[in-house]
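Please look over the model shown below with the following briefing beside it.

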Amino acid sequence: MIKRIKGKTKKVLAAVLAATMMLSMSGCSSFDEFYHETILGETHSKDSDSSKKDDKKDKKKDKEKDTEDVDYASEENEDFEAFLMEYFEDTVTEDTITYNDYIYDESSYGIPKPAEATWGDAVMDEAAIEREKKEDEEFYDKLMEFEDAELTEDERFTFECLKTDAEISLHYYDNVYLRGAFSPMSGWQESLPTLFTEYRFDDKGDVEDYLTLMNQTKDVMAEMLKFEKVRSEKGYFMKDSSADEVIEQCDEFLNNKGEFVISDFDEKIDAMDFLTDEEKESFKEQQKKAVEEVIIPVYEDIKATIEELKGTGTNDKGICYYDGGKEYYEDYIFPMYSGSAKTVEEEIEVIDDRYDELMMQLYSIYSSNPDAYEDFAERGDEIYSVYNDMEPSELVDMFQEKYMDDYPLEGKIPYEIDFLSDSISKIKKTTLAYYVTNPADEPDHNVIKVNSQYHDGLFNTLAHEGCPGHMFQFWYFRNTNPNPGRILESNKGYVEGWAVYAAYDVGLKCDFEGKEDNAKVFVQLEKLNSEIGYLAQERVDLGVNYEGWDLDEVKEYLAKVGIDESVAQEIMDSSIADPGVYLSYTVGYYEIEELREWAEEELGSDFDAKEFHKAILDAGPCQFGMLRKKVEKYVEENE
């Protein structure tokens, strides 16, 4: 999902341009020296350059592929396969919403829908948390019984993926109160409208289940609000600015009186040829009543509770200021969102080094083509204007037809575009568009939701959400007939990292339909500008939540990277309210980029982008330590 920072950040290029013009007056022999001495105030020398290069060589040596031979079974392990299917069935039948998300046709896996529509166990008291923790520990123990079993290569990969995920997930219980149920970007008040408007209706039973679930919402949210009250009592409630944002989101829903949920449902019901006219009218009346008597009171309850608890938070800084918060960030939040096997300190070093590299790339472009650079700095916001008037479907079709030569796509992916209503667009005002993940057994059921309030960012957004981004990656992996144990995995770093990587790839190939003389330079600068934006958001997240940055330190950092400090409070608040959210985009992208650079270096002229992408996509969502094994195999087979 693409998020937009409400306060628009200034182009970093203007700041870099000003810096380059000072270069000749600085007495520095290079921009790298100027950047470190004049901008960062560091002492920089040739010796440190040499040391830095040696460090990079050492890191590359450390990451050489593991040549240890592994013996794989030639036949599937029946016990392990049964364990995986049991895991898959238990998960998708735990609640009706999950079943609806993953299963399109009951006969696909032979797993019937839950007999009664249910949200699952929503209780969040200490006994329930302990019970859930015990269940997760028992799953891990059962999984580890296969550690020394004879498994096929695919089964061993699945085992290692599940093992890594389970070990990370168990750290959630280190302190469950560090994560709330109503954060601005991912809380229930934000996701409920999406849950209702995206519930899939394949038959009459789905409509009946939907209405049952809607009528259960008040009881479920009551449990979530109890949890928030306990968090408040323990000193973990959100800061006031986050509470204000949640209250504002509730007001948006209440002011609309749920009309967008009602109208969305009515439109879907009218299109259902498996219902009689009488059934359609009855369902419409039932849903309208549920919205008025259940959902609206739910939002009133959320708003009232958040207002009541506002001011009880004990920390208005990063999660590291809570007892055990720094360790929680490192052991749970960072690996869960990023998918990286690196430590937080290692990632900070990667990000800081990457920024230096980006600055050097900007200077290189400026040195070789200053006119195009200055032109972009002046009108960079307009470079994709040639595409702004295109319909979203036209853009997605263009991507599939024009930019997929380096990807394993045959034919065309079926999909549909749905526009968010005006009301839900306001609730999701930071969202430009998002891809609705297709069912596991129906890869061709693809929907991209678009926020009609935005037009100027759709080129990059739809490359990210559509092709070769999310829609393509999920469509492709679903069509590989993956092991049931892998279907449930949706590693955030892999998923978002791929979409960022793919969108950059499309952007670098864009020729603006021949209407831009400086197209090549413009697409390079657009990528660098976007990357610096992602990088800054991630670095602030790491700084605020792991290193303990305050607002002055955030402003100082943003000033260094050329971003207006007026957005410092907003970026900081977002990092505090939803720690780790930005890691998926930046860390995920850099991990994939790092794998590509390594593969290109190893294979030289034998490197093939299409085959590399196939190796990444065949692996499916997983931690990057596991993904590297798949890329190593690709390299080994093509050396």
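**An enclosed helix and the overall chain**

In α19, the residues Leu458, Phe459, Thr461, Leu462, Ala463, His464 and Glu465 are buried, where buried means under 20% relative accessible area, exposed means over 50%, and partly exposed lies in between, with a 1.4 Å probe and protein chains only. Because 7 of the 8 residues of helix α19 (residues 458-465) are buried, this helix is largely enclosed by the rest of the structure.

This is a predicted model, in which local features need pLDDT of at least 70 and side-chain atom pairs count only at pLDDT 80 or more, while totals for chains, interfaces and linings use all residues. Residues are numbered from 1 along each chain as its sequence is written, and side-chain values use heavy atoms, with hydrogens and water left out.

**The chain as a whole**

- The secondary structure comes to 28 helices and 4 strands, taken as DSSP runs (H or I of at least four residues for helices, E of at least two for strands) and numbered from the N terminus.
- Of the 639 residues in the chain, 55% are buried.
- The chain exposes about 28200 Å², of which carbon and sulfur atoms supply 43%; accessible areas come from the Shrake-Rupley method with a 1.4 Å probe, and for residues only the protein chains shown count as cover.
- Among the contacts in the chain with a separation of 6 or more, 78% are between residues 24 or more positions apart, a contact being heavy atoms within 4.5 Å.

**Helix packing**

- The axes of helix α20 (residues 470-478) and helix α22 (residues 492-509) come within 9 Å and cross at roughly 125°; axes are lines fitted to C-alpha atoms, for helices over the stretch in contact, and angles run from 0 to 180 degrees between N-to-C directions.
- The helices α20 and α22 are therefore oblique to each other, since angles under 35 degrees count as roughly parallel, over 145 as roughly antiparallel, 65 to 115 as roughly perpendicular, and the rest as oblique.
- On the α20 side, His470, Phe472, Gln473 and Phe474 meet Tyr494, Val495, Glu496, Trp498 and Ala499 of α22.
- The residues of this contact of α20 with α22 divide into 6 nonpolar, 2 polar and 1 charged, where Ala, Val, Leu, Ile, Met, Phe, Trp, Tyr, Cys and Pro count as nonpolar, Asp, Glu, Lys and Arg as charged, and the others, Gly among them, as polar.
- Helix α9 (residues 204-233) and helix α12 (residues 277-309) pack at an angle of about 5°, with their axes 10 Å apart, which makes α9 roughly parallel to α12.
- In the contact of α9 with α12, the residues divide into 15 nonpolar, 6 polar and 8 charged.

**Cysteines**

- The structure holds 0 disulfides, a disulfide being a pair of cysteine sulfur atoms within 2.5 Å.
- For cysteine 161, the closest cysteine sulfur is that of cysteine 622, and the distance of 4.9 Å is too far for a bond.
- Cysteine 161 is buried, with a relative accessible area of 1%, and cysteine 250 counts as buried at 0% relative accessibility.

**Backbone features in loops**

- Most residues other than glycine have a negative phi, and most peptide bonds are trans.
- A cis peptide bond, with omega of about 5°, joins cysteine 467 and proline 468, and proline 468 is found in the loop between α19 and α20.
- Lysine 257 has a positive phi, near 60°, in a residue other than glycine; it is placed in the loop between α10 (240-256) and α11 (259-270) and is exposed, with a relative accessible area of 55%.
- Asparagine 481, although not a glycine, has a positive phi of about 55°; it is placed in the loop between α20 and α21 (484-487) and is exposed, with a relative accessible area of 69%.

- Aspartate 101 is found in helix α5 (residues 96-102) and counts as partly exposed, at 42% relative accessibility.
- Not counting residues up to four places away in sequence, aspartate 101 touches Arg200, Asn438 and Pro439; the C-alpha atoms of aspartate 101 and asparagine 438, which are 337 residues apart along the chain, are separated by 7.5 Å.
- Serine 530 lies in helix α23 (residues 519-547) and is partly exposed, with a relative accessible area of 24%.
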